Amino acid sequence: GGLLRPAGAPVAGWGGGVPVLPDSEAAAWLVADAETGNVLAAYDAHVPLPPASTIKLLTALAVLPAIDPDQSYTASEDNGRVEGSRVGMVPGQTYSLADLKHGLFLASGNDAAHGLAELVGGLPECIELMSAEAARLGALDTHAVTPHGLDEPGQVSSAYDLALFGRAVLADADLAEIAQARTYD
């Protein structure tokens with residue numbers, strides 16, 4: 001609610017004042033109950049900041065329902081050129097949707113995010129799906145520009161919105177299982 005709008009001061013959602021919190025250098029943060037979504041404490045929860053790889057949670061939530069679970073993906077030359085963290089997809093190699101999902105979550109693979117975007121028709125279609133999913137979840141501080149989170153002008157999210165994405169991932173049994181996996185061959 002309105003308590004989360006003011007910038008620059010911690011707030012507590014239970015109305016009892018702000019508890020003693022450890023020092024943090026984080027520009028913004030939010031602690032919420034994963035089951036109810038109730039905000040327990042927050043600092044600058046709606047300040048728009050570059051989301052980096054955390055935007056991949058939204059990517060998964062938005063694009064995976066639009067892809068046939070039996071569909072495979074043959075990596076393009078573009079996968080090999082994606083910057084940042086990568087799974088190491090090889091152009092011409094075929095990958096299952098399970099491979100892409102695990103690559104997205106376990107290795108924070110920017111190339112896996114790119115592959116998922118290609119599976120839904122390309123970057124514009126992927127961003128449209130991400131924007132619609134953000135709106136559906138009430139993530140009004142988020143503006144997606146890429147499926148992988150590399151810094152791009154205008155790409156922002158907030159601690160509040162990232163908590164919404166995290167909660168939605170945990171509520172999805174398949175995604176929660178992948179997010180909890182420690183290894184994948």
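**Note on helix packing and an aromatic pair**

1. Helix α4 is largely enclosed by the rest of the structure, because nine of its 10 residues are buried. The model is a predicted one, and the remarks that follow should be read with that in mind. The buried residues of α4 are N110, D111, A112, A113, H114, G115, L116, A117 and L119, where buried stands for under 20% relative accessible area. The cover over these residues includes α1 (55-63), β4 (72-74), α2 (77-81), α3 and α5 (123-137).

2. Of the elements that cover α4, helix α3 deserves a paragraph of its own. The axes of α3 (residues 97-106) and α4 (residues 110-119) come within 8 Å and cross at roughly 135°, and that angle makes α3 oblique to α4. The crossing in which α3 passes α4 is left-handed. On the α3 side the contact is made by L97, L100, G103 and L104, while α4 contributes A112, A113, G115, L116 and L119. Sorted by class, this contact has seven nonpolar residues and two polar ones, with no charged residues.

3. By class, the contact of α6 with α7 has seven nonpolar residues, and neither polar nor charged residues are found in it.

4. Turning to aromatic side chains, a search of the whole structure finds one aromatic pair. This pair is formed by W29 and Y43, which are stacked, at 6.4 Å centre to centre and with 20° between the planes. Since W29 lies in strand β2 (residues 29-32) and Y43 in strand β3 (residues 39-43), the pair ties together parts that are 14 residues apart in sequence. Y43 has a relative accessibility of 23% and so counts as partly exposed; the cut-off for buried is under 20%.

Key: Residues numbered from 1 in each chain as written. Predicted model: local features only at pLDDT ≥ 70, side-chain atom pairs only at ≥ 80, totals over all residues. Heavy atoms only, no water. Nonpolar A, V, L, I, M, F, W, Y, C, P; charged D, E, K, R; others polar. Axes fitted to C-alpha atoms, helices over the stretch in contact; angles between N-to-C directions. Helix = DSSP H or I, 4+ residues; strand = E, 2+ residues; numbered from the N terminus. Parallel < 35°, antiparallel > 145°, perpendicular 65-115°, else oblique. Left-handed = near helix turned anticlockwise from the far one by under 90°. Contact = heavy atoms within 4.5 Å. Buried < 20%, exposed > 50% of the residue type's maximum accessible area, 1.4 Å probe, protein only. Phe/Tyr/Trp six-rings, centres within 6.5 Å; stacked < 30°, edge-to-face > 60°.
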